[in-house]
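Hello,

Here is the structure for you to look through. My notes on it follow below.

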Amino acid sequence: MGRPRQVSDHDILSTARRCFVERGPGISTAVIAEALGISPPALFNRFGSKEELMIAALSPPAIPPFVEKLTAGPDDRPIGRQLLEIAEDVSAYFEELSPRLVALRTSGISPEELIKRYDTPPPVVVIRALAGWLSRAHERGLIAEVDFPAAAVAFLGTLHIPHFLTHVLGRSPVETDDGSYRQTIVDVFAQGLGGTT
């Protein structure tokens with residue numbers, strides 16, 4: 001009977017993710033193993049190669065954490081309040097995900113290599129979930145009928161770009177980071193969707 005693992009896969013992925021984001025995809029697996037207190041061969045026994053470790057550590061989850069909430073909603077509160085909650089969840093997700101995607105992209109791993117690992121790519125999962133949420137909001141009389149997938153892409157895009165640019169530029173393109181950007185986006189969308197804030 002083999003010895004029990006002293007470092008969980010979750011711990012390995014969390015540490016590897018931090019190392020890849022902070023030091024780039026060129027970081028040695030020996031450095032990651034040292035940070036975990038294990039040997040490089042032990043790391044490769046779990047994940048096979050540096051590329052596999054990088055993909056496992058940096059790829060988006062198949063179902064992003066806020067999708068379940070989208071699938072359960074909306075409720076009868078004003079659309080602006082509900083969109084703000086969604087915006088906060090989505091923004092937090094993109095803030096954490098953007099540097100991971102940049103590290104993956106600079107590693108030379110192609111988007112095609114990543115996408116083929118999913119039954120449905122995570123961006124498509126999110127767009128469908130938000131479009132479904134918007135469609136149900138329309139059925140409840142909370143918003144006008146629009147092209148729900150297009151509205152979902154536009155809403156998600158406006159929330160993603162500040163985080164991407166912050167990582168690329170080294171500073172936020174938004175004047176303040178106190179939530180006023182999200183509130184502005186929500187106000188614009190709520191008004192455009194014919195709802196109330």
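**Salt bridges and helix packing**

Glutamate 96 and arginine 100 sit 4 residues apart in helix H6 (residues 79-106), so about one helical turn separates them. Their side chains meet in a salt bridge, 2.8 Å from N to O. Glutamate 96 is partly exposed, at 39% relative accessible area. Arginine 100 is buried, at 7%. Please keep in mind that this is a predicted model.

Side chains of opposite charge can pair when their charged atoms come close.

The whole structure holds 10 salt bridges. Arginine 77 takes part in a salt bridge with aspartate 75, where the closest N and O atoms are 3.0 Å apart. Arginine 77 also meets glutamate 85 in a salt bridge, at 2.7 Å from N to O. How accessible are these residues? Arginine 77 has a relative accessible area of 27%, so it counts as partly exposed. Aspartate 75 is partly exposed too, at 30%. Glutamate 85 is partly exposed, at 32%. Elsewhere, a network of salt bridges links Glu52, Glu113, Lys116 and Arg117.

Next, helix H2, which spans residues 29-36. Which of its residues are buried? They are Thr29, Ile32, Ala33 and Leu36. These residues lie on the same side of H2, because they cover an arc of only 100° around the axis. An α-helix has 3.6 residues a turn, so residues three or four places apart point the same way. What do the buried residues of H2 pack against? Their partners are helix H1 (9-23), helix H3 (40-47) and helix H4 (50-58).

Both ends of H2 have a detail to check. At the start, a side-chain oxygen of serine 28 comes within 2.9 Å of the backbone nitrogen of alanine 30. Just after H2, glycine 37 has a positive phi of about 75°.

Now the surface. Ile161, Phe164, Val168 and Leu169 make a nonpolar patch of about 330 Å². Phenylalanine 164 belongs to helix H9 (residues 148-169). Its relative accessible area is 31%, so phenylalanine 164 is partly exposed.

Is glutamate 68 buried or exposed? At 66% relative accessibility, glutamate 68 counts as exposed, because the cut-off is over 50%. Glutamate 68 is 61 residues from alanine 129 in sequence. In space, their C-alpha atoms are 8.6 Å apart.

Best wishes

Methods: Residues numbered from 1 in each chain as written. Predicted model: local features only at pLDDT ≥ 70, side-chain atom pairs only at ≥ 80, totals over all residues. Heavy atoms only, no water. Patch = residues over 30% accessible without salt bridge, like charges linked within 9 Å, V, L, I, M, F, W, Y side chains within 5 Å. Areas by Shrake-Rupley, 256 points an atom, 1.4 Å probe, with all protein chains shown as cover. Salt bridge = Lys/Arg side-chain N within 4 Å of Asp/Glu carboxyl O. Helix = DSSP H or I, 4+ residues; strand = E, 2+ residues; numbered from the N terminus. Buried < 20%, exposed > 50% of the residue type's maximum accessible area, 1.4 Å probe, protein only. Arc of directions from axis to C-beta. Contact = heavy atoms within 4.5 Å. Polar contact = N/O pair within 3.5 Å; in protein donor to acceptor, adjacent residues only side chain to side chain.
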